[in-house]
Amino acid sequence: GAHGSPCLLQDWEQRQEEDAMLVERILLLVRNVLHVPADPAEEQGVDGDASTHDRVLWALHISGMDDLLKFLASAQAEQQWALHVLEIISLMFRDQDPEELAAVGQGRAGAERGQDAQELDALRQRELAERKSRALQRPTRHSRFGGSYVIQGLKAIGDRDVVFHKGLHNLRSYSHDLGKEPRRAPKRRLVA
């Protein structure tokens with residue numbers, strides 16, 4: 001049925017207006033659930049217990065809603081949901097301390113940064129070696145000769161095809177008079 005199908009996979013032209021309304025209602029529901037303020041009296045759990053907000057975020061993650069939000073935020077055709085998605089994301093990070101979030105990222109980075117640096121160094125060494133071997137194979141002087149091309153169907157003097165000595169990128173400006181000095185009219189014949 002119309003409600004059971006994953007409406008985001010349908011093409012924009014095929015998507016029914018009611019599907020768009022359904023998407024908006026779901027986004028508003030998620031926003032409103034995340035908007036509920038924390039109640040310290042209710043949440044007197046043991047230190048380290050996940051807050052209600054954290055548990056809601058975990059449920060969103062398990063359901064795949066976070067991937068859906070990423071899709072809606074990045075897909076060109078879904079820009080109409082941008083403000084809803086932005087609001088939801090800001091509410092997801094509501095209780096987070098920016099410095100703590102950054103530190104969590106660095107914890108992972110500390111261990112893996114060394115490994116990344118080693119891999120990068122190995123790649124750099126390999127690239128240098130390849131560049132050296134290419135330089136050794138290359139002739140030292142650059143040939144000014146850009147090649148000659150036969151232009152079929154364009155006749156030169158006699159019955160032969162024109163041979164073109166300039167680079168192919170100059171072919172557009174080709175004319176039979178290429179390379180000839182332009183004839184100058186005598187000064188007294190020039191129009192005043």
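These exercises work through the fold of one predicted chain.

Residues are numbered from 1 along the chain as its sequence is written. The model is predicted: local features need pLDDT of at least 70, side-chain atom pairs count only at pLDDT 80 or more, totals use all residues, and side-chain values use heavy atoms, without hydrogens and water.

**Exercise 1.** List the elements of the chain in order.

Solution. Start with the terms: helices (H or I, at least four residues) and strands (E, at least two) are DSSP runs, numbered from the N terminus. The chain has 5 helices and 2 strands. From the N terminus, the order is α-α-α-α-α-β-β.

**Exercise 2.** State what share of the chain is buried.

Solution. Buried means under 20% relative accessible area, with a 1.4 Å probe and protein chains only. The chain has 192 residues, and 16% of them are buried.

**Exercise 3.** Describe how helix 3 and helix 4 cross.

Solution. Locate them: helix 3 spans residues 65–74 and helix 4 spans residues 82–92. Their axes (lines fitted to C-alpha atoms over the stretch in contact, with angles from 0 to 180 degrees between N-to-C directions) come within 10 Å and cross at roughly 135°. Angles under 35 degrees count as roughly parallel, over 145 as roughly antiparallel, 65 to 115 as roughly perpendicular and the rest as oblique. Helix 3 and helix 4 are therefore oblique to each other.

**Exercise 4.** Name the residues that meet between helix 3 and helix 4.

Solution. Contact means heavy atoms within 4.5 Å. Helix 3 brings Leu69, Leu72 and Ala73; helix 4 brings Val85, Ile88 and Met92.

Methods: Buried means under 20% relative accessible area, exposed over 50%, partly exposed in between (1.4 Å probe, protein chains only).
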